[in-house]
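Dear colleague,

I am handing over the structure below, together with notes on what was found in it. Please look through the model first and then read on.

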Amino acid sequence: MCRIGAIKSLNYVHPSKALQLMNSQQKGHDNSGFAMVMQDLGGIFSDYKDKPTLSLACTDEGLKIAEEILDVLGFRQVFEWAPETRWKPGMDIKKMPNYVFRTFDYPDYCSGMPPRDKEDLLTNTRLRIRAALEKDETGFVYSFWPDVITLKEIGDPRDIGTFFGLWEPDDSFTAKTITAQCRQNTNYAIVRYAAHPFFLQGYVTLTNGENTFYQKNKEFQATLHPGYIGFESDSQCFLYTMHYMHRQLGWPLQYYKHIITPLPFEEVVKREDKEVLLAIRQSLAHLEINGPNTIIGTLPDFTMWVVCDAKKLRPVVVGKTKDTVVFSSEVCGVNEILPERNWEEDIYPNEREIVVVDNNLEVQRWKQ
Amino acid sequence: METVKINDLACNDLPWKVIYDTKRCTLCGSCVAACTFGAIRPKVERRRKSFSDTETPEPKISFSATPVITQVNILKHFCRGCGVCERVCPNNAIRSERNPDSRFNVVYQAATASGPKRGGRNNLEVQARTLDTIRVGRISQMTDPSLDAERHTFDCLAPLGRVLPAQNLPFTLGPDGKLSKTGQTPPVHWIYPIIIGDMSIGALSWRMWEAVSMAVAYLNEECGLPVRQCSGEGGMPVRLLKSKYLKYVILQIASGHFGWNRIIKAMPHMVEDPAGVLIKIGQGAKPGDGGLLMAAKVASHIQQIRGVPKADLLSPPNHQGLYSIEESVQKMFLSFNAAFKFRVPVAIKVAASATSVSVFNNLVRDPYNIVGGFFLDGIDGGTGAAHDISLDHTGHPVVSKLRDCYLAACAQGRQGQIPLWAAGGLGKTGNLAADAFKMFCLGANGVFTGKLILQLAGCLGNEHSRCNACNTGLCPAGITTQEPLLVRRLNPDRVAENIVNYFLAVDKELRKLMAPIGNSSLPVGRSDCLISTDKAVADRLQVQYVC
C-alpha cells in the first residue's frame with residue numbers, strides 16, 4: 001500500500017522531517033521511490049518567493065534543451081541551487097546526471113501582464129520543456145512556479161535521502177509546507193512522472209489508493225485544459241479535478257467533495273442546496289471517483305486539505321501541535337514528527353468531510 | 001390418382017407444419033377455437049381400411065369418414081408456429097413444427113406481388129450476440145475491495161435531460177462562500193436507468209397497456225424504483241393524461257403526430273408534467289420506415305384517442321417540414337420545450353445507423369442546449385408491424401454505434417451532456433441486467449426495452465420466426481390485438497406482477513454486477529472493466545481482448 005504524508009508549519013521545516021515522517025511508515029510501502037513538493041520556501045530561496053523556480057532532473061543534453069527554451073522565451077536566471085549529491089556504490093537509486101533547481105526572473109514583456117497570463121506562460125513553458133525532453137527521454141520537468149520545489153526519484157527513500165544529503169537538517173533548504181510520498185505506483189510502469197505529489201499551477205495532490213474511475217476521469221479531463229496531460233498515474237486525475245474546480249470554475253474548496261464523492265440521491269433531495277448539488281453531479285459526473293482513496297492536497301495559497309473516498313477505504317490521520325500540523329497515512333508517522341502532541345486531539349477524517357488547515361494552522365472539519 | 005398440381009400452395013411450402021396425431025385427439029375443438037390465425041380447421045377424411053376377419057386371409061375393404069384437424073394451405077391463414085394449439089390441447093395431440101424447407105418467401109411474393117409483413121423482430125441474425133462475447137472482467141480485489149451487493153448503498157439512477165458543461169452553470173458565489181443557482185438550466189430528471197420502451201396504445205391491447213401502466217405506478221409508488229414508460233406514438237387516454245400518473249410517462253411524438261391533438265387539449269388540465277417528451281425520428285427494427293398500425297387494430301377506442309377513422313395508420317418515414325438537424329432543433333425541440341414551459345426534458349429517438357454519430361454531434365453542439373437525450377435503437381429492436389424485408393435486411397446493431405457516439409462525445413469533452421440511452425435487442429436472452437450493465441460501461445447512461453416487456457406478459461414470439469404476428473391484430477396472447485375475445489386472454493394483474501418482479505430482480509442483479517467492480521454508482525463509460533473474448537469486438541469497442 002502507498003503511504004503519504006504532509007507537514008504544514010508556522011516555521012520553516014527541513015525535508016529531513018518529511019523523510020522521517022515517511023521512514024517511520026516504511027513497513028507499509030515498498031521502498032521504490034521518494035517524491036516531495038516543498039512550498040512556501042525558506043532558507044536560500046526566501047529572497048525569490050515571487051519568482052518561478054524550475055525543478056528539473058535531466059541529462060546534459062536535456063539541460064541544454066531546457067536552457068535554450070527558457071532563453072528564447074526571455075527568462076533570466078537569478079538563482080541556482082544544485083544539491084550536493086553523494087553517490088556510494090550499493091545505493092538503491094536510479095539517479096539522473098543533473099538535478100536542476102533554478103530561479104528565473106520573468107521576461108521583460110511580462111511586466112504589466114495580468115497574473116493569470118503570467119501563470120499560463122509558466123505552465124506553457126513547462127509543458128514545452130517537457131515535450132522537448134520527452135523525445136529522447138533527456139529529462140523530467142516537475143514544476144516551474146514561484147515558491148515551489150519538486151523532487152522525485154526512483155529507489156529506496158533512505159538512499160535517496162542520503163544521496164541528496166537530506167537527512168541532516170539545516171536552515172538553508174526549508175519550507176513551511178511539504179508534501180511527500182514513498183513508493184512508485186503499481187498499476188502502471190515505474191516512471192518519474194507517475195510519482196506523487198503532482199503539481200499544477202500551485203495545486204498539489206498526493207494519494208493513497210487506486211482510482212477505479214480513472215478511465216472516465218481521464219477521458220473527461222483530457223480535453224479540459226492543456227495542463228491535463230500525462231496520466232501516468234490514475235491519481236493525477238484528482239489534481240486535475242481540483243485545479244479545474246478551484247481555478248478554472250472558481251468554485252470554493254468545499255465543492256471538491258461534492259464532485260468526487262457526491263452524496264447519494266436520497267440525501268441530496270433533502271438538502272436546501274439540492275439544486276446546486278444536483279447540477280454539479282450532472283455536469284461533472286465523469287469526475288466522480290469510487291475510491292478507495294485518501295487524497296492530500298494544497299492550494300496555491302498553501303491551504304492544506306485532506307479528503308477520503310465515500311467508503312473510507314484508505315487511512316489518514318491529522319495530528320497537531322501549536323506550530324505544526326502533520327497529515328500521515330499511519331499514526332506512527334505523526335508520532336515520529338510530533339511525539340509531544342496531545343494524541344487525543346488527532347483527527348481521523350471520515351468519508352463525508354474535508355479537513356482543511358490554513359496558514360495560521362487553524363484546523364477545520366467541513367462536513368459535506 | 002390426382003394429378004400433381006405443383007403450382008398450388010401446399011402446407012409444406014409454409015414456414016410451419018402442423019403435426020397432428022389422430023389417435024390422441026378427442027376432437028374437443030379447443031385448438032381450432034384457440035388458433036387466431038385460422039391455420040387449422042376440422043375436416044372429415046375418407047379412410048380406407050382393408051382387413052380380414054377370418055382365419056385365412058379374405059381381404060375386405062371398409063371405408064369410414066373420420067373427423068380430423070388439418071392445416072390450412074391458404075396464404076392468408078398460414079401457421080405462425082405460436083404453439084397455442086399445443087398449449088390448449090388436453091392430450092398433446094397437436095403441435096406446430098418449424099419447416100426447414102419452407103418456400104414461404106418465394107410463394108408469398110409470387111402470389112401477392114408484395115413482400116410479407118409481420119411484427120416482432122429481426123429473424124435473420126445467426127451470429128453470437130456481441131454483448132455475449134463481453135464479460136465484466138475487472139474484479140476488485142485487495143487494493144480496491146469489492147462491495148457487499150446486499151448491504152451497500154447503490155445509486156442506480158440515470159439522467160434524462162440536457163446537462164450543461166460545468167463552466168456554463170448559472171452559479172453565483174455568495175459572500176458565505178456558497179454557490180447558488182441564479183439562472184435557468186434545462187430540466188434534468190434522474191430516473192431508473194431502464195425505461196419501458198415506446199409501445200403505443202394502438203400497438204398494444206388495452207389490457208397490456210394497462211398492465212404496463214400499473215406495473216410502472218407500482219414500481220414507483222411501492223418499490224421506490226423511478227421507472228418510466230414511454231407512451232409510443234398514438235397518445236394516451238385523456239383520463240390518464242389528467243391524472244397524477246402522467247409523471248411516470250414519457251410522451252412520444254412521431255411523424256404521424258397521432259394522439260397529440262388530445263394531449264394538447266389536455267395540457268391545461270394536467271396536474272403533473274409528463275416525465276419527458278420523446279421525438280421519434282426512427283426505429284431500430286425498421287429504420288427508414290414510418291410507424292404502421294394496421295386497420296385491423298384500429299378499434300373504436302384507438303379511433304377516439306387518435307381522432308382517426310378505421311384505416312391503416314401510417315406515419316410518414318420522416319417528419320414533414322423537417323429538412324435539417326438544425327431545423328429540427330430550432331422548430332421541433334424548441335416548441336416542445338416551450339409547450340411544457342421548459343420543465344420537461346425533450347429527447348430524440350433515432351435508429352442506429354452509419355450516420356448516427358453525425359446526428360449526435362450536431363445535437364450535442366447545438367448552442368441552445370435543448371435536446372435532452374439521445375435514444376439510439378438498434379436492429380434487434382421490436383416493432384408492431386413492418387415489412388419482412390425491413391425487419392431482416394435493414395438496420396444497424398446498437399452496441400458499436402452507442403460506443404461510437406460516446407467516444408465522439410469524449411473526443412469533444414462533451415460526454416454526459418446529452419444522455420445516451422440505448423436499445424435494440426437488450427435483454428433478448430432474458431438477462432437485461434447484464435446487457436444494461438455492459439452498455440453502461442460502454443457509455444450508455446441508460447437503456448430502454450420493449451420486447452422483453454411483452455415476453456414478460458407471455459408473448460410467444462421469438463427470434464426464430466415464431467409467431468411475430470403483432471401486425472395482424474390476431475395476437476394469440478392478447479398482447480398486440482384489439483379483438484375483445486383475444487384481449488381477455490391476458491390477465492393484466494398477472495402481467496403487471498411479472499413486470500414488477502422482473503424489475504426488482506434486475507435491480508438486484510445490477511447491484512450484483514456493481515459490487516464486484518467496487519462501484520456504488522452506475523459505471524457509465526467504465527470500459528476498463530469490460531473484457532472480450534472476441535478480438536474483433538474488443539478492437540472495435542476499445543475494450544481489453546482476453547483469451
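Chain B has 16 helices and 23 strands, where helices (H or I, at least four residues) and strands (E, at least two) are DSSP runs, numbered from the N terminus. Please keep in mind that this is a predicted model, in which local features need pLDDT of at least 70 and side-chain atom pairs count only at pLDDT 80 or more, while totals for chains, interfaces and linings use all residues. Residues are numbered from 1 along each chain as its sequence is written, and chains are lettered from A and ligands numbered from 1 in the order in which they are written.

To begin with the overall form, the C-alpha trace of chain B spans about 115 × 60 × 45 Å along its principal axes.

Helix 12 of chain B, residues 432-442, is mostly covered, since ten of its eleven residues are buried, including B:L432, B:F437, B:K438 and B:L442. After this helix comes B:G443, which has a positive phi near 125°.

The contact between the chains takes 29 residues from chain A and 36 residues from chain B, two residues being in contact if their C-beta atoms, placed from the backbone, lie within 7 Å. On the side of chain A that touches chain B, helix 5 (214-221) and helix 9 (274-283) of chain A each supply at least two residues, and helix 9 gives the most, with five.

Finally, A:L361 is found in chain A, in the loop between strand 15 (353-357) and strand 16 (363-367). A:L361 counts as partly exposed because 17 other C-beta atoms lie within 10 Å. If its neighbours within four places in sequence are left aside, A:L361 is in contact with A:K8, A:L10 and A:V325. The C-alpha atoms of A:L361 and A:V191, which are 170 residues apart along the chain, are separated by 34 Å.

With kind regards

Technical notes: A residue is buried if 20 or more other C-beta atoms lie within 10 Å of its own, exposed if 12 or fewer, and partly exposed in between; C-beta atoms are placed from the backbone.
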